[in-house]
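Here is a short report on strand pairing and aromatic contacts. Look at the strands, then at the rings.

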Amino acid sequence: MKTFALTSLLFLATICNINAQEAEEAPVSYLGKTITLDSTITSLYGAISGEKGVERDWKLFKYLFKNEARLIPAYKDGVKGIYDTNYLSVEDYINTTNDWILQNGYIKKEIHRVTQSYGNITHAFITFEAFRSEQDETPFLRGIDSIELLFDGQRWWVVNLYWTLETEGTPIPEDYLPKP
């Protein structure tokens with residue numbers, strides 16, 4: 001029993017230390033970016049958005065996510081014809097997308113949101129459009145993000161970001177589009 005208690009205390013101390021280190025490394029300018037649910041989601045989309053050739057704020061992007069958070073694209077496997085997922089760490093996502101968004105431009109805009117909350121957890125179901133440039137009038141893609149968030153009493157954290165893109169066969173339902 002003593003071993004279990006000691007192990008539990010060490011585990012909790014490690015977690016607290018990791019989160020304290022993250023907070024210490026964050027620039028002061030990031031502190032207000034996670035105070036509200038809206039500011040957290042705005043910061044998430046803002047960190048990855050930008051014109052072609054503009055470096056993204058990957059430090060802010062990392063700051064938004066809990067340790068061990070996952071980014072999970074859902075897609076249709078062209079060979080098997082079935083839907084599947086890919087599980088990425090925050091670092092994996094940065095490493096697999098950075099070059100593409102720098103070469104092509106990527107500006108992600110929220111157009112509709114449905115949220116549900118209980119206690120300190122919230123689920124945000126967000127319809128988005130993506131553009132290559134702020135000057136573009138028509139998005140080159142649309143999709144839905146399913147974002148799980150945690151409020152720890154001081155700030156919001158992204159726990160998981162799970163998404164799929166709209167296709168010809170799976171248009172975004174009217175319920176998840178802006179109302180006229």
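In the hairpin of β5 and β6, 4 residues lie between the strands, and G153 takes a positive phi near 105 degrees. This is a predicted model: local features need pLDDT of at least 70, side-chain atom pairs count only at pLDDT 80 or more, and totals for chains, interfaces and linings use all residues. Residues are numbered from 1 along each chain as its sequence is written, and side-chain values use heavy atoms, with hydrogens and water left out.

Strands (E, at least two residues) and helices (H or I, at least four) are DSSP runs, numbered from the N terminus. Two strands pair if DSSP finds at least two bridges between them. Strand β5 (residues 141-151) pairs with β6 in the antiparallel sense over 9 bridges. There, E148 stands opposite N160 in β6. Strand β1 (residues 65-76) pairs with β6 (residues 156-165) in the parallel sense over 6 bridges. I72 has Y162 in β6 as its bridge partner.

Now the rings. Phe, Tyr and Trp rings (six-membered ring for Trp) pair if their centres lie within 6.5 Å; planes under 30 degrees apart count as stacked, over 60 as edge-to-face and the rest as tilted. The whole structure holds 11 aromatic pairs.

F61 and Y93 are both buried (under 20% relative accessible area; exposed is over 50%, partly exposed in between; 1.4 Å probe, protein chains only). F140 is partly exposed at 29%.
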